[in-house]
Amino acid sequence: YLKISKLALAFAIIHSKPPGKSCKEYTEHLAKTVSEQDFRWKSKVEVLEAEVLRLRQELLLNKICPRFSLENNASAETVLDEECINPVSYSSQLEDSGCDVSNDCAFDSLGTASDFCQSEQNVNTSKCWLETVPPFNLCCTGKEGSLTIPVQFLQHLLEIKKLSEGGILQADFTVLDNDSSTVCKSVSQLLDGLTVFYNSPKFPVSSFLTEAVCVLISLITDTQLSNHVLKKCFKKLEEFNKSLIRIILRNGSINRFQMLQTVSHTLALLGRNNILRNSLISLLLSELRQFAEQLLQAHQIEAMYDITQYENIFHLFMILEQLLQSGTGESNSSSSDFGGEEKIRFLKDLDQMILHLSDEFPLLSLYLWRVNVLLNSSQIQ
């Protein structure tokens, strides 16, 4: 059937081609015309799918809390206009020396961590969402525009839950037991949008993107809501973590330190969820082990190694140390078994590896030893 169809199409093109054009030229013209039509249809489909998702989000919120509405009031529009005219400035992120030798939190060296923490504090201390906190800025375009709908929906969902726990609203979150696909779709869109930003970030980071990360962290650290998300989005979250790790290792730009700090802090925040923490620790241990083995092999045969990746690898060490230190203080027995099989592979022959690398790479050897101590201390506990 396929061969007959191709032959019929070939005869139709030959018979209908205009004079002065070869069959090849006419075929290419028809192919271009069809592809343009497909592109227009795809664009229309994307717009309609976005609208369907928005309606599903509004329907779900109304099922959970019938009193809830996504409509903006006059005060909300005023706040949005002010945000468009006077965006939040993050001047601290422009002062990137790339050098910090203090013993304070590693992620605070460029002000990035404090920006995230301040935004989280603003979220946690917000008053009645329905009265004072407007939907997110719909005038955002480009990368931020793709995040607007999922961030707005998830923010409303979190605030409804907070208000229901405080007795201000009556909400029925059992609806999510049968209909969590809308939440998962929104989380997936949020992760895609953040990945696009982190692949080619612009500084200073806007308050909107900072808030988007805070919404994601609040969602996965909420015991009730995270269960629904992790059931369907765990693989997506793992891929997001892998993407961020690749971004850290492969970035070779000259002024990359502030971006690497931002990505590193996001990974550390994702580790607040116990399930994601164990998965993230396994990913980090795998990357660190592979890098150490490759570096040792290159050193033994006196071959060249990737200096940029060597510089960037220390961000992974700092993330891993934070996750291990935050986990060893928990009483939950499941949190003490970090890394699983990957932990065993990492610790195997680690002492010999440190011994061989210590003369040429003393700083790397020190970090490997520190991770070794943290892993062994967690096992003892």
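This is a predicted model: local features need pLDDT of at least 70, side-chain atom pairs count only at pLDDT 80 or more; totals for chains, interfaces and linings use all residues.
A residue counts as buried under 20% relative accessible area, as exposed over 50%, and as partly exposed in between.

**S200 and its loop**

Where does S200 lie? S200 is in the loop that links α7 (181-199) to α8 (207-221). Its relative accessibility is 37%, so S200 counts as partly exposed. Although S200 and M259 are 59 residues apart along the chain, their C-alpha atoms are separated by 9.4 Å.

| Helix | Residues in the contact |
|---|---|
| α8 | L216, L219, I220, T221 |
| α9 | T223, L225, S226, V229, F240 |

What kinds of residues make up the contact of α8 with α9? They divide into 6 nonpolar and 3 polar, with no charged ones.

**The chain as a whole**

Stepping back, the chain has 15 helices and 0 strands. Of its 381 residues, 44% count as buried. The chain exposes about 20,900 Å², and carbon and sulfur atoms supply 54% of that area. If you look at contacts between residues at least 6 apart in sequence, 79% join residues at least 24 apart.

Key
Residues are numbered from 1 along each chain as its sequence is written. Side-chain values use heavy atoms; hydrogens and water are left out. Helices (H or I, at least four residues) and strands (E, at least two) are DSSP runs, numbered from the N terminus. Buried means under 20% relative accessible area, exposed over 50%, partly exposed in between (1.4 Å probe, protein chains only). Contact means heavy atoms within 4.5 Å. Accessible areas come from the Shrake-Rupley method with a 1.4 Å probe; for residues, only the protein chains shown count as cover. Ala, Val, Leu, Ile, Met, Phe, Trp, Tyr, Cys and Pro count as nonpolar, Asp, Glu, Lys and Arg as charged, and the others, Gly among them, as polar.
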